[in-house]
Amino acid sequence: MKHSQRDAVLRTLSSVTARAALTAFALSTAATVSAARASTAGVAPAPIVPPDVAIERLKAGNARFVVGKPSRPNATPKRRAEIAASQHPFAIVVSCSDSRVPPEMVFDAGLGDLFVVRTAGEVVTAVEMASIEYAVDHLGASLVLVMGHERCGAVKAAVEYRNPPALPLPGAPKPVADSHDDGHGKAHDDGHGDGHGKAHDDGHGKAHGDGHGKAHDDGHGDSHGDGHGDGHASKPTRVRETNPDFGGPKPRDHIGALINEILPAVEAAERRSRRGDLLDEAVRVQAKSMVRRLVEDSPMLKAFLVSGRLRIAAARYDLDTGEVELLR
Ligand SMILES: [Zn+2]
């Protein structure tokens, strides 16, 4: 597709509201200001990589990573110079912040290839959504891959909150030294587990009190209730509302807010999963529910999706093998 055609499509598909929001976003970020400069200076954007090509490129990169033969593309000073003025990543990867899941390594990608958004549990809120919209609309990315991972500590914290008897909190008597267990094959002692376990111990819920709790009730109740498609009428569980172990004001961290964002996925996983696989089922549901959120909460992304200009997919990364599995 020629650049002029692409621009025409973008103009047609983007809603006025979304464009206004992105304009405001553009004016407020240095990265976008620099992109705007490049645009006004006549730097042509790279052609959009078709979504199917983008996903094949990710698959090929992951295959090289899995067998330990990465090509480490686009890592030279020449490449650095080429993309210094503007960027045109072919894919957006939304992944967990977990130190063992770096998208550029997992997909054997280089400078300027991936636009990466990372939060614990790959939680997407309005802020992350804006970053994704920006990369699709302004940078031309044609694929959003939301990638959860095996034994995710953030998801595990939410599972444990819902199921303390079935999955007792690990390491309660030893709040330190968990970090030394990372990478040594202890399934439950990843970085998130450490942090969230402490949240359990300290009792976190009321720290977020009315502010977070109300925001989540208002903002996400509908989309999650509908989004999981199970027709349940009750509100999702919230940290501050239930487990007394989470009680007591401890306004020193925000982990309860993170758990709140993941609880709907855990609840959906509980309704459909075999008990023994609850954590892994929740990991899968969490990635897919973030995909659903992108589609349902972003008219812009939905328009690109409908037009075929964009693909949005969920995936699960296997910590043991390094393989990325696309989820259906
Ligand atoms: Zn994780």
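What follows is a chat about a predicted model of one protein.

Biologist: How are the residues numbered, and what kind of model is this?

Modeller: Numbering starts from 1 along each chain as its sequence is written. The model is predicted: local features need pLDDT of at least 70, side-chain atom pairs count only at pLDDT 80 or more, and totals for chains, interfaces and linings use all residues.

Biologist: What is the average pLDDT of the protein?

Modeller: The average is 73, and 58% of the residues score at least 70. pLDDT is the predictor's confidence in each residue, from 0 to 100.

Biologist: Where is the pLDDT below 50?

Modeller: One such stretch is residues 1-46, which has 42 contacts in the model beyond near neighbours in sequence. Residues 174-235 are also below 50, with 108 contacts of that kind. Two residues are in contact if their C-beta atoms, placed from the backbone, lie within 7 Å. Where pLDDT is low, the predicted coordinates should not be read in detail.

Biologist: How many helices and strands are there?

Modeller: The protein has 13 helices and five strands. Helices (H or I, at least four residues) and strands (E, at least two) are DSSP runs, numbered from the N terminus.

Biologist: In what order do the strands sit in the sheet?

Modeller: The five strands form an open sheet in the order β2-β1-β3-β4-β5, with mixed pairing. At the edges are β2 (114-118) and β5 (324-327), each pairing on one side only. Two strands pair if DSSP finds at least two bridges between them.

Biologist: Which strands does β3 pair with, then?

Modeller: β3 runs parallel to β1 (residues 91-95), joined by four bridges, and parallel to β4 (residues 311-317), joined by seven bridges. On the β4 side, methionine 147 stands opposite alanine 315.

Biologist: Is β3 covered or exposed?

Modeller: Mostly covered: seven of the seven residues of β3 (residues 143-149) are buried. A residue is buried if 20 or more other C-beta atoms lie within 10 Å of its own, exposed if 12 or fewer, and partly exposed in between; the C-beta atoms are placed from the backbone.

Biologist: Which way do the β3 residues point?

Modeller: Leu143, Leu145, Met147 and His149 point one way, while Val144, Val146 and Gly148 point the other way, and all are buried. In a regular strand the side chains alternate between the two faces of the sheet.

Biologist: And what about β1?

Modeller: β1 has five of its five residues buried. Ala91, Val93 and Ser95 point one way from β1, and Ile92 and Val94 the other way. β1 also pairs with β2 in the parallel sense over five bridges, with isoleucine 92 opposite phenylalanine 115.

Biologist: Changing topic: how far apart are the end C-alpha atoms of helix α12?

Modeller: They are 27 Å apart, which agrees with the 28 Å that its 20 residues (278-297) should span at 1.5 Å a residue. The expected span is 1.5 Å times one less than the number of residues. Of those 20 residues, 16 are buried.

Biologist: What share of the protein counts as buried?

Modeller: Of its 328 residues, 41% count as buried.
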